[in-house]
Amino acid sequence: MSQDSLTPESVARVDGMPTFGLGTWQNEDPGECAESVRTALEMGYRHVDTAQAYGNESAVGDGIAAADVPREEIFLATKVWIDHLDRDGVIESTEESLAKLGVDSLDLLYVHWPSRTYDAAETLPALESLKERGLIDRIGVSNFEPHHLDEARDVLDEPIFANQVEMHPLLRQEELREYTAEADIELVAYSPLIRGRVFDVPELSEIAEKHEVSEAQVSLAWVREKGVTAIPKATSEAHIRDNWESVALDLDDEDVAAIDAIDRTDRQINPGFGPDAWD
């Protein structure tokens with residue numbers, strides 16, 4: 001695929017979810033956030049990810065409203081924060097998120113972390129209730145490890161659509177990828193650019209030079225090769241475009257093997273801890 005042929009239709013979809021999107025974590029300036037969302041959507045992105053904890057749902061909604069893209073073409077996801085995971089908190093905070101985003105429903109709603117007020121038997125049925133009311137289309141979880149997924153699947157009557165976790169060439173998530181593939185759960189990767197550290201990985205730089213692309217594009221293409229949806233954050237038009245053009249990059253088997261063989265692990269989000277650390 002050439003960069004000239006990149007269109008919203010050229011990005012694969014899984015059950016309606018585009019397998020490449022825009023992350024908005026730390027995009028806290030309202031004007032800049034709204035503009036970055038508008039820019040991304042008009043460039044071709046059709047998947048936008050936010051969260052209650054990001055404090056930018058209203059700005060994301062402003063960007064969606066400003067973009068010359070129909071709402072029905074946009075896959076929109078947000079996450080319920082760990083202070084709102086009792087039944088009433090899930091429902092009330094989601095209704096507030098919908099109001100801030102200026103939409104009638106969400107394509108995907110995640111439990112942000114299985115921590116603090118999280119109780120699978122109370123939290124997850126509340127999401128099912130939202131789905132029954134038509135306020136969300138799909139149920140997701142984030143930062144869930146296999147044992148959290150086992151418990152959630154036992155509680156839910158509805159399927160878990162996606163699990164969003166940190167994933168990149170220095171945190172390859174082999175166990176979770178195997179689990180979610182067997183369970184028919186989509187894996188969504190946040191921090192796929194190693195929080196900007198892709199430029200410090202020699203293997204990525206070598207492959208980038210070979211293809212005459214950026215290290216960011218190599219990392220994003222590798223995530224795609226693993227069957228995982230990447231949602232890199234970006235605010236400037238240049239970075240939004242560079243990430244978007246990764247969809248046109250096809251890594252060969254040698255490239256993928258070289259990345260898979262990197263003998264280094266580097267978790268970026270609270271290194272060395274699991275979800276239970278929030279308790």
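In this predicted model, helix α8 is followed by G227, a residue whose phi is positive, near 75°. The helix itself, covering residues 215-225, is mostly covered, with nine of its eleven residues buried. The buried residues are E215, A216, Q217, V218, S219, L220, A221, W222 and V223, and what covers them includes the elements β9, α7, β10, α9 and α10.

One of these covering elements, α9, also takes part in the largest pocket: helix α9, residues 237-244, gives the most to the lining of that pocket, with three residues. The largest pocket has a volume of about 740 Å³, and of the 36 residues that line it, W25, Q26, S191, R195 and K233 are the closest to its centre. By type, the residues of the lining divide as follows.

| Type of lining residue | Number in the largest pocket |
|---|---|
| Nonpolar | 15 residues |
| Polar | 15 residues |

The protein chain as a whole comes to ten helices and ten strands. Its radius of gyration is 18 Å, close to the 19 Å that the globule rule gives for 279 residues, so the chain is as compact as a globular protein of that length. Along its principal axes the C-alpha trace spans about 55 × 40 × 30 Å, and buried residues make up 57% of the 279 residues. Among contacts with a separation of 6 or more, 76% are accounted for by residues 24 or more positions apart. The accessible surface comes to about 11,900 Å², of which 42% belongs to carbon and sulfur atoms.

Notes
Residues are numbered from 1 along each chain as its sequence is written. This is a predicted model: local features need pLDDT of at least 70, side-chain atom pairs count only at pLDDT 80 or more; totals for chains, interfaces and linings use all residues. Side-chain values use heavy atoms; hydrogens and water are left out. On a 1 Å grid over the protein atoms alone, a cavity is a set of points where a 1.4 Å probe fits but cannot get out, and a pocket is an open set with protein on both sides within 12 Å along at least five of seven lines; lining residues have an atom within 4 Å of a point. Grid points are joined across faces, edges and corners, and a volume is the space filled by probe spheres set on the points. Helices (H or I, at least four residues) and strands (E, at least two) are DSSP runs, numbered from the N terminus. Ala, Val, Leu, Ile, Met, Phe, Trp, Tyr, Cys and Pro count as nonpolar, Asp, Glu, Lys and Arg as charged, and the others, Gly among them, as polar. Buried means under 20% relative accessible area, exposed over 50%, partly exposed in between (1.4 Å probe, protein chains only). Contact means heavy atoms within 4.5 Å. The radius of gyration is taken over C-alpha atoms; the globule rule is 2.2 Å times the number of residues to the power 0.38. Accessible areas come from the Shrake-Rupley method with a 1.4 Å probe; for residues, only the protein chains shown count as cover.
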